[in-house]
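Please consult the sequence and coordinates shown below while reading.

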Amino acid sequence: MEIELNESQRAIHDAVVQLCAEFDDDYWMKCEEEARFPEEYYRLMAQNGWLGITMPEEVGGANLGVTEAAVMMHACTMSGGGYSAASALHINLFGPHSIVVHGTPEQKERFLKPLVLGQEKACFGVTEPDAGLDTTSIKTFAKKTAGGYVVNGRKMWTSTGQEADKILLLTRTTPKEKCSRPTDGMTLFYTDLDRRKVEVKRIKKMGRNAVDSNAVFIEDLFIPEEDRIGDEGQGFKYILDSLNPERILVGIEAIGFGRDALRRAANYARDRVVFGRPIGQNQGIQHPLAEAWTQLEAAYWMCMRAAYLYDNGKPCGAEANAAKFLSGRAVFDTATKAVMTHGGMGYAREFHVERLFRESILPRIAPVTEQLILSFIAERVLDLPKSY
Ligand SMILES: Cc1cc2nc3c(=O)[nH]c(=O)nc-3n(C[C@H](O)[C@H](O)[C@H](O)COP(=O)(O)OP(=O)(O)OC[C@H]3O[C@@H](n4cnc5c(N)ncnc54)[C@H](O)[C@@H]3O)c2cc1C
């Protein structure tokens, strides 16, 4: 057993840290304050090939695993950009997975190449206002017509919808009540985000404001047959394939910016002098930060364990969920302690921990909540009755 990054993984970490260093705290604060997509950062990452880290070589990708993607995303978020630095790229790494596995060679060429090159951006339309976590209850409907489908419905929280050229869209093609299983009758598309037929309305939110999230209203959107991914009615299964990598990546992204918050807290604790000595000399300041380190470290290796299992073709549902759960808790706890360590200045924008703090609750909520993770583990690992 070897529990350590190998040489090429360390090289990925170093290269990404070096690139991210071009974007300082002021850059990220400005993107956040102006609610502006970090286009320069996104471009630099695209130019250096990082958007294709998990994509097949034939579409210009590096064909590396979730482990390498995790190393990359951890390096991005620990560099000051927080969750915004992750969400600006994240969809490229796990979103197109269904296309990689179930797309035709023509679709891979047409859809994946522009994503890898940074010529097109995509968004991920799964969540709906009236379905929530109960995904099989989505109502967005794709009705068969000559040469394709006409889609009507609503999506909620669709991130990067303001920027995206394309949408990965989960729809129903058969009403749930007419299916033998609730997971049947759903169809996946990857298609143009045609703004004449799709209204994308930005949601004002607590944090991670450099990357938009939206309410999406779809009215009579025509989707050609050639934009359907895989078989009609199988979309839910295709989406499931990408859920474990997404959880692992969200987990490791959280750890990255948790470590950034911890570093800032320790720096402040060393420098700030009160009662004639650095506040970091008090155990009341030291212990919470040391505890945060232990939580981040444990969650980091849980993410890596889940990534290892995934990349080696082993079942990893419980581990990926546990990794996301532990990471969400660890980053929230760490960011809270980082603000507290700064005292009043923790509340000021100048020290950046308030930005990280506002972002730190998000990995506890999305893409799946803590309750649903625990319900999954209770059912699948502990063999308790299904509760949802
Ligand atoms: C900033 C942000 C960005 C997002 N980006 C995207 C995106 O790009 N694409 C996309 O498709 N979605 C996106 N989401 C949506 C996100 O995945 C959902 O918000 C999340 O899955 C929770 O769903 P919900 O908000 O509908 O909560 P609900 O389903 O309404 O749940 C509300 C609460 O009830 C609890 N609950 C519900 N049922 C049960 C049960 N049976 N047992 C116990 N507890 C239960 C939940 O755990 C939760 O705490 C984003 C969300 C946010 C906040």
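The sections that follow treat the ligand site, a pocket and selected backbone features of this predicted model.

The shell around the ligand comprises 18 residues, of which Phe124, Thr127, Leu133, Ser159 and Thr369 come nearest. On the oxygen side, a polar side-chain atom of glutamine 371 is placed 3.0 Å from a ligand oxygen atom. Taken on its own, the ligand has 970 Å² of accessible area, and the protein covers 67% of it.

Which elements give two or more residues to the shell around the ligand? They are β3 (148–159), α12 and α13. Strand β3 gives the most, with four residues. By class, the shell holds 11 nonpolar and seven polar residues, and no charged residue is present in it.

## The second largest pocket

The second largest pocket contains about 360 Å³ of space. Its lining is made up of 14 residues, and those closest to the pocket centre are Glu2, Glu4, Thr67, Met304 and Tyr308. Two or more lining residues come from each of α4 (66–87) and α9 (283–311). Helix α9 gives the most to this lining, with five residues. The lining divides into five nonpolar, four polar and five charged residues.

Methionine 304, one of the residues closest to the centre of this pocket, is located in helix α9. Is methionine 304 buried or exposed? Its relative accessibility is 7%, so methionine 304 counts as buried, the cut-off for that class being under 20%. Methionine 304 and leucine 5 are separated by 299 residues in sequence, yet their C-alpha atoms are 9.4 Å apart in space.

## A cis peptide bond

Most residues other than glycine have a negative phi, and most peptide bonds are trans. The bond from alanine 366 to proline 367 is cis, with omega near 0 degrees. Proline 367 belongs to the loop between α12 (362–365) and α13 (370–380).

## Positive phi angles

Two residues other than glycine with a positive phi are described here: aspartate 220 and histidine 352. For aspartate 220, phi is about 50 degrees. Aspartate 220 is situated in strand β7, which spans residues 213–224. Because its relative accessibility is 42%, aspartate 220 counts as partly exposed.

Phi of histidine 352 is near 70 degrees. Where is histidine 352 placed? Histidine 352 is found in the loop between α10 (317–341) and α11 (353–359). With a relative accessibility of 5%, histidine 352 counts as buried.

Definitions and conventions
Residues are numbered from 1 along each chain as its sequence is written. This is a predicted model: local features need pLDDT of at least 70, side-chain atom pairs count only at pLDDT 80 or more; totals for chains, interfaces and linings use all residues. Side-chain values use heavy atoms; hydrogens and water are left out. Buried means under 20% relative accessible area, exposed over 50%, partly exposed in between (1.4 Å probe, protein chains only). On a 1 Å grid over the protein atoms alone, a cavity is a set of points where a 1.4 Å probe fits but cannot get out, and a pocket is an open set with protein on both sides within 12 Å along at least five of seven lines; lining residues have an atom within 4 Å of a point. Grid points are joined across faces, edges and corners, and a volume is the space filled by probe spheres set on the points. Ala, Val, Leu, Ile, Met, Phe, Trp, Tyr, Cys and Pro count as nonpolar, Asp, Glu, Lys and Arg as charged, and the others, Gly among them, as polar. A residue is near a molecule or strand if one of its heavy atoms lies within 4 Å of it. A polar contact is a pair of N or O atoms within 3.5 Å; within protein, one must be able to donate a hydrogen and the other to accept it, and residues adjacent in sequence count only if both atoms are side-chain atoms. Accessible areas come from the Shrake-Rupley method with a 1.4 Å probe; for residues, only the protein chains shown count as cover.
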